[in-house]
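Take a look at the chain below.

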Amino acid sequence: YGTDLKLYLNFNDPSNPLKDLSGNNNFVNKSSNTAVICETSSGLKNSGNCNINNGYINISTNPSLINGEITYSIWINPTTIGCSRIINQGWATQNTNNNILWISYNDGVCTWQPSGTTSLLFQGNFPTARYDPGNNFIQVNQWQHIVGTYSLTPGQSKIYKDGVLLNVSELPSSTSNSAKGSADWTLLGSSGGSYLNGRVDNVMFFNRSLTNNEVAQLYNYQK
């Protein structure tokens with residue numbers, strides 16, 4: 001992926017701060033050593049991973065993570081399904097200044113979600129890509145690959161699970177918005193009390209929108 005890859009965390013070194021393998025020297029640290037436990041096994045292909053339990057992983061300000069186009073790629077293995085922010089770049093209450101990849105489930109936080117259903121969303125300063133299958137398609141205690149992309153030409157946001165495109169949302173042809181993302185911080189696993197409880201692995205940020213084939217290839221290579 002060359003210079004398009006702006007962040008890569010595989011958690012094979014559990015020490016804090018965590019190591020960014022993209023070559024961009026992003027500073028990445030755990031919210032605490034008790035809420036976030038990283039280890040060298042139990043991840044994909046028995047590699048490293050981090051177990052997040054009412055905590056988060058913080059990525060410091062880096063302008064290279066904010067660009068007109070983006071791809072977020074992450075593997076999750078949740079222990080519970082809730083109203084969970086998987087990746088949040090910016091403040092949770094400022095949807096025009098952040099990019100959020102998240103799970104919506106009515107657990108008392110996402111009260112708008114119909115009971116017994118789960119949605120997967122990718123939203124920001126662009127049309128929201130949302131997948132509403134009407135049932136609990138996010139599985140507990142199982143590794144799943146989640147990807148959100150946004151492209152400028154055309155203005156499209158997409159959301160994927162396990163290499164499969166789930167939804168596409170488009171801007172009007174006369175409109176072109178850049179993915180903003182607040183420069184304040186980026187969090188993995190939390191925002192505004194909406195925690196992702198479970199394990200995460202192979203977190204990758206790109207400053208362009210990966211194609212359908214590239215997302216499928218990434219899934220097949222990492223699974």
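## Strand 6 and its partners

In this predicted model, strand 6 and strand 15 (residues 198–206) pair in the antiparallel sense. Seven bridges hold this pairing. Strands of a sheet pair through backbone hydrogen bonds, either parallel or antiparallel.

Is strand 6 enclosed or open? Nine of its nine residues are buried, so strand 6 is largely enclosed by the rest of the structure. Both faces are covered. On one side sit I70, Y72, I74, I76 and P78. On the other sit T71, S73, W75 and N77.

## The nonpolar cores

The largest nonpolar core has 37 residues. Which of them touch the most other members? They are I57, I74, I86, V200 and F205.

Now look at V200. Its contacts include F11, W143 and N49. V200 also touches C50, I52 and I57. I74, W75 and I76 complete the list, which leaves out residues up to four places away in sequence. Another core lies apart from the largest one. This other core has nine residues, among them Y8, V147, Y160 and L218.

Strand 3 and strand 4 pair in the antiparallel sense over four bridges. V36 stands opposite I52 of strand 4. Strand 4 also runs antiparallel to strand 15, and three bridges join them. In that pairing, I52 stands opposite G198.

How many disulfides does the count give? The count is one. The disulfide joins C38 to C50, with an S to S distance of 1.8 Å. C38 belongs to strand 3 (residues 36–39) and C50 to strand 4 (residues 49–52). The two cysteines are 12 residues apart, and the pair links distant parts of the chain. The link of C38 and C50 is right-handed, with 100 degrees about the S-S bond.

Are these cysteines buried or exposed? The cut-off for buried is under 20% relative accessible area. C38 has 11% relative accessibility, so C38 counts as buried. C50 has 0%, so C50 counts as buried as well.

Three bridges join strand 2 to strand 5 (residues 57–59), and the two run antiparallel. K30 has I57 of strand 5 as its bridge partner. I57 was named above among the core residues that touch the most other members.

Two cis peptide bonds deserve a look. One joins N16 and P17, with omega about 5 degrees. P17 is found in the loop between strand 1 (5–9) and strand 2. Another cis bond runs from T153 to P154, with omega near -5 degrees. P154 is found in the loop between strand 11 and strand 12 (156–161).

Next, turn to phi. K45 has a phi near 55 degrees, a positive value in a residue other than glycine. K45 sits in the loop between strand 3 and strand 4. With a relative accessible area of 58%, K45 is exposed. N141 also has a positive phi, near 55 degrees, and is a residue other than glycine. N141 lies in the loop between strand 10 and strand 11. N141 is exposed, with a relative accessible area of 58%.

## The whole chain

Now step back. The chain has one helix and 15 strands. Of its 223 residues, 53% are buried. The chain exposes about 9,200 Å², and carbon and sulfur atoms supply 46% of that area.

What share of the contacts with a separation of 6 or more comes from residues 24 or more positions apart? The share is 64%.

Key: Residues are numbered from 1 along each chain as its sequence is written. This is a predicted model: local features need pLDDT of at least 70, side-chain atom pairs count only at pLDDT 80 or more; totals for chains, interfaces and linings use all residues. Side-chain values use heavy atoms; hydrogens and water are left out. A disulfide is a pair of cysteine sulfur atoms within 2.5 Å. Buried means under 20% relative accessible area, exposed over 50%, partly exposed in between (1.4 Å probe, protein chains only). Contact means heavy atoms within 4.5 Å. Accessible areas come from the Shrake-Rupley method with a 1.4 Å probe; for residues, only the protein chains shown count as cover. A nonpolar core is a set of buried Ala, Val, Leu, Ile, Met, Phe, Trp, Tyr and Cys residues joined through side-chain atoms within 4.5 Å. Two strands pair if DSSP finds at least two bridges between them.
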